[in-house]
Amino acid sequence: KMATLAVRQSPVGGFSFENCKRNAVLEGEANKVGYSLPAARKTGTTICGVVFKDGVILGADTRATEGMIVADKNCSKIHYISPNIYCCGAGTAADTEMTTQIISSNLELHALSTGRVPRVATANRMLKQMLFRYQGYIGAALVLGGVDCNGPHLYSIYPHGSTDKLPYVTMGSGSLAAMAVFEDRYKPDMEEEDAKRLVRDAIAAGIFNDLGSGSNIDLCVITKGKLDYIRPHDEANKKGVRTGDYKYKRGTTSVLTKSVTALNLEVVEETVLTMDTS
Amino acid sequence: MLNGRRGFLKDSVPVAGLCPQGAYGIQDCLRSGFSSVKNELLPSHPLELSEKNFQPNKDKMNFSTLRNIQGLHAPLKLQMEYRAARQIQRLPFLPSSNLALDTLRGNDESIGFEDILCDPAQSEMMGEPHLMVEYNLGLL
């Protein structure tokens with residue numbers, strides 16, 4: 001039999017599964033000894049969106065976690081898709097970042113090809129088709145919102161590729177806390193200030209009740225002609241400012257008597273050592 | 001004795017120990033890891049097979065829809081154009097741009113993971129030129 005030297009198939013781009021078996025073996029070995037492989041950076045998160053009278057408002061917290069550690073105290077979770085469409089991302093941080101960037105590029109090419117302002121439904125369709133193709137292995141849960149020629153639209157997109165078109169949505173580990181606020185106070189056709197207060201309160205509920213969410217509140221208000229990317233809208237947790245104090249005020253314990261005794265010391269020896277500043 | 005063109009053996013399952021992937025007829029541990037029967041038979045990731053067949057499946061689905069809507073001539077003409085475009089290549093061991101093929105497929109207007117990850121133009125390994133040409137010509 002003749003030895004066949006490197007006759008390779010022409011290389012293709014895209015995901016390479018070469019190291020999957022090796023990684024599985026390494027993980028098995030590490031687990032046997034008691035270590036665990038480092039966790040991917042996630043944005044255990046609270047993100048939400050609401051449709052109001054003139055457009056949509058997207059809100060997000062700003063904490064990125066790596067297992068039990070806060071990896072980024074002020075990360076930006078509201079990603080740009082097109083001038084009239086923005087997308088909040090929860091789940092694995094790299095996945096949400098790359099997915100939204102790829103869809104943003106594709107949407108730009110599509111808009112140049114059609115010559116029209118891109119629609120939110122197009123971005124939604126592109127995202128869900130890509131996420132379904134990878135069967136949930138791309139861990140990106142997204143809240144997509146924007147205003148196009150048909151009005152304001154809001155979608156939530158799950159990592160396996162299902163989508164919902166709703167007037168108010170929340171995603172992430174703090175989604176239940178935020179949804180509780182929405183369910184209580186949402187009304188159709190709100191004014192902008194009311195809607196901003198509602199989104200701020202929903203994200204604050206997620207920040208204070210969920211360990212995976214924290215730091216500040218970012219808002220993005222999208223209307224027909226105007227875009228407001230407010231970062232930060234509200235600094236709910238300032239670093240270095242303590243909310244409580246353990247010191248007691250003077251007068252907490254009442255003083256009954258006071259006697260002062262002077263301590264007389266006599267100077268025995270005095271030496272001065274100069275500092276070596278050469 | 002193995003047939004020169006491995007492409008004809010598409011439907012056969014490689015059995016470990018009989019067709020090692022490396023040079024000189026033994027398992028190349030550095031590049032392809034240790035060999036085991038399970039490794040050869042099962043895919044290393046649930047997505048591996050689905051991704052390998054994604055483009056062909058998509059093409060098959062599109063052609064079949066086109067045939068149902070416009071008749072047999074439409075997919076036949078398109079496939080003829082694909083065959084013509086696929087023949088515009090550089091030498092077998094050099095990376096080709098496949099510009100005509102990409103334009104026909106519509107890949108010139110979209111960006112996906114295949115453009116960002118594992119760019120073939122930047123791969124670190126190259127096939128041995130003489131052997132690649134002989135393999136392509138069927139002389140190997």
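At 1% relative accessibility, A:Thr100 counts as buried (under 20% relative accessible area with a 1.4 Å probe, protein chains only; exposed is over 50%, partly exposed in between). The model is predicted, with local features requiring pLDDT of at least 70 and side-chain atom pairs pLDDT 80 or more, while totals for chains, interfaces and linings use all residues. Residues are numbered from 1 along each chain, chains are lettered from A, and side-chain values use heavy atoms.

A:Thr100 lies in helix 2 (residues 93-114) of chain A; helices (H or I, at least four residues) and strands (E, at least two) are DSSP runs. Leaving aside residues up to four places away in sequence, A:Thr100 touches A:His79, A:Tyr80, A:Ile81, A:Cys87 and A:Leu142, contact being heavy atoms within 4.5 Å.

The largest nonpolar core comprises 22 residues, with A:Ile81 and A:Leu144 making the most contacts inside it; such a core is a set of buried Ala, Val, Leu, Ile, Met, Phe, Trp, Tyr and Cys residues joined through side-chain atoms within 4.5 Å. Helix 3 of chain A gives the most to this core, with 5 residues. A second, separate core of 21 residues includes A:Tyr168, A:Ala178, A:Met190 and A:Ala195.

In chain B, the axes of helix 4 (residues 54-70) and helix 5 (residues 73-86) come within 7 Å and cross at roughly 140°. Axes are lines fitted to C-alpha atoms over the stretch in contact, and angles run from 0 to 180 degrees between N-to-C directions. Helix 4 of chain B and helix 5 of chain B are therefore oblique to each other, as angles under 35 degrees count as roughly parallel, over 145 as roughly antiparallel, 65 to 115 as roughly perpendicular and the rest as oblique.
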